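Visitor: Could you take me through this structure by way of a few residues and the helices around them?

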Amino acid sequence: VLLFGAIGGTTLEVAIYQAARITLDFRTAAMLALVETSVAILIIMAYSRLEKHAAKSTGIAYDPFKKKQTFLGSTQWGNKINYKEIALFVALALCILLFFILPLVSIIAHAFFFTHTGRVMLTFSNVTTLFSHKSFLFALQNTLQTALATATLSVTTGLFFALLTRCIDPYNIRRSLRILPLLPMAVSSVVMGFGITILVRQGTPLLLILAQSALYWPFAFRQISHSVDRIPKATIEAARLLSYDPLDVFFKVEIPLVKRSIFNAFAFCFAMSCGDASLPLVLAIPRYNTLALFTYQLAGSYRFRQACACGCILMVLSATVFLISSRFNKR
């Protein structure tokens, strides 16, 4: 929105950032942050109720008293053609093509191709120009360190709360325990950064890691908790009877059974940290840059092809982590 938004047009995120960092109107920034967070919390609560209703009406119904799963029936369409489903599929495919695939293709095209005398030429000059800048290498190093630390802390916190929730509510009856970890999702990066700047005078890399982890661990929790909930309670109880050390249950039973979700959550949080430009921008850490913030700075100075090249490097970093995660999942 800051780069390509219309003149005079804004969103709550941009309005909070401008009030807190440009006009120094902290009262307005606090009021806007309160409105945005309140709306987000209401949406999360509504989502939780819809999720609970969907779990009861479709798929698998779980009865905590019978301790068994009941498979609900589904409609059989036979050989009839469902034109509504076909139309929905085509609309969804067009949306994916228009808003996901084409922007990625455009970024790659602007980074590695240019037109000369009517011919499309391949070039790596934008990438080599980036690597010739010391500030880019510094941003790359900071991004890797921050993303690895954030993903590790987020996954550790998400795993802890998933296991804790399973111990307290093994049959998934208390919805409040499932809603509570989702509440940090209602806090945006700009609101989090604004709150930190009120408490401390100057941002630090450690504060950036802690702030990102506070925002991202619910996503890790959501992925890991589903795998933890699928572990049969009888398996855990049997493992506890067979071992004197309670850590054996954690390292030899629970971790192996949920390791796929752990790797997926790690890759997801890593990618989110790599692409976050809002928190580094709001915290304004002295002499500290990340690839996402560096991309924003390049685009802001109208060096769009170099910004696209930097974006491609971000894509490669995230894709590499997801590839490594998938390899570990196959073992």
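Visitor: In which helix is the place of Ser 273?

Guide: This is a predicted model, and within it Ser 273 touches Thr 146, Ala 147, Thr 150, Gln 212 and Tyr 216, leaving out residues up to four places away in sequence. The helix that holds Ser 273 is α10.

Visitor: Is Ser 273 buried or exposed?

Guide: A residue counts as buried when its relative accessible area is under 20%. The relative accessible area of Ser 273 is 6%, and therefore Ser 273 is buried.

Visitor: Are α8 and α10 roughly parallel or roughly antiparallel?

Guide: Two packed helices are described by the angle between their axes and the distance between the axes. Here the axes of α8 (residues 205–229) and α10 (residues 246–274) come within 9 Å and cross at roughly 155 degrees. Angles over 145 degrees count as roughly antiparallel, so α8 is, relative to α10, roughly antiparallel.

Visitor: Which residues of α8 make the contact with α10?

Guide: The crossing in which α8 passes α10 is right-handed. On the α10 side the contact involves Val 258, Ser 261, Ile 262, Asn 264, Ala 265, Phe 268, Cys 269, Met 272 and Ser 273. On the α8 side the contact is made by Gln 212, Tyr 216, Phe 219, Ala 220, Gln 223, Ile 224, Ser 227 and Val 228.

Visitor: How many residues has the largest nonpolar core?

Guide: In soluble globular proteins, nonpolar side chains tend to be buried together. In this model, the residues with the most contacts inside the largest nonpolar core are Leu 130, Phe 136, Ile 224, Leu 279, Leu 291, Phe 294 and Cys 310. The number of residues in that core is 53.

Visitor: Which residue's side chain is joined to that of Asn 289 by a polar contact of 3.0 Å?

Guide: Asn 289 is found in the loop between α11 (278–283) and α12 (291–300), and at 11% relative accessibility Asn 289 counts as buried. Not counting residues up to four places away in sequence, Asn 289 touches Phe 138, Ala 139, Asn 142, Phe 294 and Gln 297. The side-chain partner in the polar contact of 3.0 Å is Gln 297.

Visitor: What distance separates the C-alpha atoms of Ile 236 and Leu 210?

Guide: Ile 236 has its place in helix α9 (residues 233–242) and counts as buried at 8% relative accessibility. Leaving aside neighbours within four places in sequence, Ile 236 is in contact with Ile 231, Val 249, Val 253 and Glu 254. Ile 236 and Leu 210 are 26 residues apart along the chain, and their C-alpha atoms are separated by 32 Å.

Definitions and conventions. Residues are numbered from 1 along each chain as its sequence is written. This is a predicted model: local features need pLDDT of at least 70, side-chain atom pairs count only at pLDDT 80 or more; totals for chains, interfaces and linings use all residues. Side-chain values use heavy atoms; hydrogens and water are left out. Helices (H or I, at least four residues) and strands (E, at least two) are DSSP runs, numbered from the N terminus. Buried means under 20% relative accessible area, exposed over 50%, partly exposed in between (1.4 Å probe, protein chains only). A polar contact is a pair of N or O atoms within 3.5 Å; within protein, one must be able to donate a hydrogen and the other to accept it, and residues adjacent in sequence count only if both atoms are side-chain atoms. Contact means heavy atoms within 4.5 Å. A nonpolar core is a set of buried Ala, Val, Leu, Ile, Met, Phe, Trp, Tyr and Cys residues joined through side-chain atoms within 4.5 Å. Axes are lines fitted to C-alpha atoms, for helices over the stretch in contact, and angles run from 0 to 180 degrees between N-to-C directions. Angles under 35 degrees count as roughly parallel, over 145 as roughly antiparallel, 65 to 115 as roughly perpendicular and the rest as oblique. A crossing is left-handed if the near helix is turned anticlockwise from the far one by less than a right angle, and right-handed if clockwise.
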